[in-house]
Every structure is written in C-alpha cells, then in structure tokens.
Amino acid sequence: MMTDTEFDIFLVAAPGTETALRDEAREKGFKSPQILPGGVTVQGTWGEVWRANLHLRGAARVLARIGEIRAFHLAQLDKRARKFPWGDVLRPDVPVKVEVTTNKKSKIYHAGAAIQRFEKAITEELGAPISNEAEVRIKVRIDDNLCIISIDTSGEALHKRGHKPAVGKAPMRENLAAMFLRQCDYDGKEPVVDPMCGSGTFVIEAAEIAMGLIPGRSRSFAFEQLANFDEAAWQQMRSAGQGAETELRFYGSDRNAGVIDSTITNAERAGVDGCTVFTHQAVSDLMPPEGQPGLVIVNPPYGARIGNKKLLYALYGALGKTLNTRFSGWRVGIITSEPGLAKATGLPFLPTGAPVAHGGIKIRLFQTAPLP
C-alpha cells in the first residue's frame, strides 16, 4: 500500500556529523536536505524511507513523520489519539513501543501520562500489542502543545550493518567511520591504510564504498513489519547495486594478533576480502603499499581507559615519525579526543572541524593535506 504522498523524513545523526550526513543525502539524491538539531530532514515517500535505510552510510536511524495532533490536556490527547489513523502504518499483529519527549512549553509535560494515552489508543482502536522489546517504535515529540508523531523505521541502529560479528574493545561505529572518511574527501578511488585497524571498520567501509556495496544489504529493518510494506517493491530495490570488483587494495594492521583473525572474518562476511589485506605488525614497521598514494586513517587509543598517558604520547610520536618519513603524497586523518596527542605526531594538520560525540567523549578528526 504505497502512496506518492511526500512527508518529512528525519535522518538521525551522531552529534557533530550533521553536515557530512547532509552532504551524503544530497549526493544520494534525497530531496531538500536540511540540518536540524540532531540530524538532517529530507522530503520523500515511503520508498525514500526504505532507500535511506538501505543506502545512507552516515545515518544512525531513519524516522518517518506520520502525522501530528494538537492537544492542550490529557483528555483531549486521549480523544484525538484514538482518531489517529494508526492502521495506515501499523499492523494489529505486530507489537509496538511508544516513546514520548515533551517540555515545559507544552501543557502536557508528563511524558509517562502521554505514553499511556497513546498506548491505550493503539491497543484499543487498532488491537496492536504494546511491548518494551518491540522493534516498531512510535516516537512522539510534544512541543508547544503539538504532538509530532514519527515512526522509527530502522529497528536496530543503522551502524549495525549485519555482517560484522567481531568487534574490539572501543570500536568505531560504522556510521561514524563513514562520515570521517567523507570528511577526508574519500570517494572510493584511492587506497586506504589503517595502521591500528582493530576490528577493521575503516578498511571495510572504504572497501565497500570503492566496490559500490550498499551498507544495509545484510540486514532487516523495522519498516518491513509495517502495514504499508510492499515486499515485491522492496526486493527489487534491494537487489539493485550489489557492487563490482575494484583494482584498489585496502590495508589494515594491528599489533594485536588476535584482533587480526577476527578482522579477516569481518571482511569475508562483508564480501570485501578480495580487496583487503590485514597484517599483524607494529606502527614502526608500517610501510606504504606499492602504487598510488591515498589516505591513512587511524583511530588510535586515547583517554583514561587505556592507562598510562606517557605511553600514548610515545605511540603517537612513533606514528607521526613513520608517516612523516615514509608516506610522502599520502593524506592523513587521525581521530582522537586529545589535541595534545595529535600534536605529538608532529604532522602538519589543517584546521579541525566540529567535535563528534562518541562513547560519552568528544573526539575530533585531525587531517593533513598530502604529506611532502
């Protein structure tokens, strides 16, 4: 039951990646991308909702705005929520969870009371069960007495691509890695090296981009459980753009031998094992691969979790020395929370961009022009 009616689609972004996500949405042909607090809004139909989930590397979630209700008190909310056309989108046999955020600008400022009204309306008018574990989630934002109703069409967060079972201690999320690659002007036409690759996120994302592989190809989405889902149209969309071979190679190394075995498995599951090379080695042993220069991108350890800061300064210094002396013509991107550690590399960094929230801390991309 697909319609041609366009509505607001909100692409949730990790704080600090909104500009990169807007640029990606524009590049992928989404209509009218605009930055809003917490993400990017575009205009589109349900087909564009599916496409956003399937194709966008930088989005954390895709929310579809399905309507709004004006309500000044709970009795009014109860009445109007019952009249809302839930059956246009929700199925009576699929569990639902309702989440509400509100503020003091609205007369309904108790989120729990609002959740009860919406849940009651959905169960009593449509018949759908309510469950805290439901993959289908209704998200209501009450602002200035207007209840803006959206549905989370993604289910699990989109950084979970569905083909990476093994992750390291402090993994870089795939959507963050994709946006950092974009900020480094990576377009899939040059080799990439990550000398502290961990579970291989940067290398695998870069290889997928070069091969034209769709990020959401290995997983399912919450929108597949909605009343307006069209299985045949979805399978047609999903089967397009399954990628092609590339002559480029993508290199990851790590001093932890155990990590490398699982990283090779991750690359195999992602279908990029033919163009990725993973080795067990220290940063000081890193040599540039033969052929054209490209991008070195690395997310070294930082912060208190790792322990002794003096050791980290030595590590960053060794990384900088290796890159400065051996990687002429290569661009470098280093992600860290500590400007002092970045400075310890001695690399000629360009001005930094906005900080990005990651695991409760603020990290930044420090990048260079091609090294002399």
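## A pocket and its lining

Sixteen residues, written here as 16, line the second largest pocket, and Phe10, Leu63, Arg141, Ile148 and Ser150 lie nearest its centre. A pocket is found on a 1 Å grid over the protein atoms alone: it is an open set of points where a 1.4 Å probe fits, with protein on both sides within 12 Å along at least five of seven lines, and lining residues have an atom within 4 Å of a point. Rolling a probe the size of a water molecule over the atoms shows where empty space is left. Here the pocket holds about 450 Å³ of space, where a volume is the space filled by probe spheres set on the points, and grid points are joined across faces, edges and corners.

This is a predicted model, in which local features need pLDDT of at least 70 and side-chain atom pairs count only at pLDDT 80 or more, while totals for chains, interfaces and linings use all residues. Residues are numbered from 1 along each chain as its sequence is written, and side-chain values use heavy atoms, with hydrogens and water left out.

What kinds of residue make up the lining of the second largest pocket? Eight are nonpolar, three are polar and five are charged. In this scheme Ala, Val, Leu, Ile, Met, Phe, Trp, Tyr, Cys and Pro count as nonpolar, Asp, Glu, Lys and Arg as charged, and the others, Gly among them, as polar.

## Strands around the pocket

Five strands each supply at least two residues of the lining: E1 (7-12), E4 (61-70), E5 (96-101), E6 (136-143) and E7 (146-152). The labels come from DSSP runs numbered from the N terminus, with helices (H or I) of at least four residues and strands (E) of at least two.

Strand E1 has two partners to look for. With strand E3 (residues 39-44), E1 pairs in the antiparallel sense over six bridges, and isoleucine 9 stands opposite valine 42 in E3. E1 and E4 also run antiparallel, joined by four bridges; two strands pair if DSSP finds at least two bridges between them. Phenylalanine 10 has leucine 63 in E4 as its bridge partner, and both Phe10 and Leu63 are among the residues nearest the pocket centre.

Residues 75-152 are 32% helix and 27% strand, and the end C-alpha atoms of the span lie 26 Å apart.

Helix H2 (residues 46-55) is largely enclosed by the rest of the structure, because nine of its ten residues are buried. Buried means under 20% relative accessible area, exposed means over 50%, and partly exposed lies in between (1.4 Å probe, protein chains only). Among the buried residues of H2 are Trp46, Trp50 and Arg51. The buried residues of H2 pack against E1, E3, E4, E7 and helix H7 (231-239).

Helix H6 (residues 201-211) is also largely enclosed, since nine of its eleven residues are buried. One of them is glutamate 205, with a relative accessible area of 1%. Leaving aside neighbours within four places in sequence, glutamate 205 is in contact with Arg57, Arg161, Glu174, Ala177, Ala178 and Leu181; contact means heavy atoms within 4.5 Å. Glycine 212 follows H6 and has a positive phi, near 75°.

Histidine 358 sits in strand E13 (residues 356-358) and counts as buried at 11% relative accessibility. Where does the chain bring histidine 358 and proline 15, 343 residues apart along the chain? Their C-alpha atoms are separated by 8.6 Å. Threonine 17 lies in the loop between E1 and helix H1 (18-27) and is buried, at 2% relative accessible area.

Two aspartates have positive phi values. Aspartate 144, in the loop between E6 and E7, has a phi near 55° and is partly exposed at 46% relative accessibility. Aspartate 185, in the loop between helix H5 (174-183) and strand E8 (192-194), has a phi near 65° and is exposed at 60% relative accessibility.
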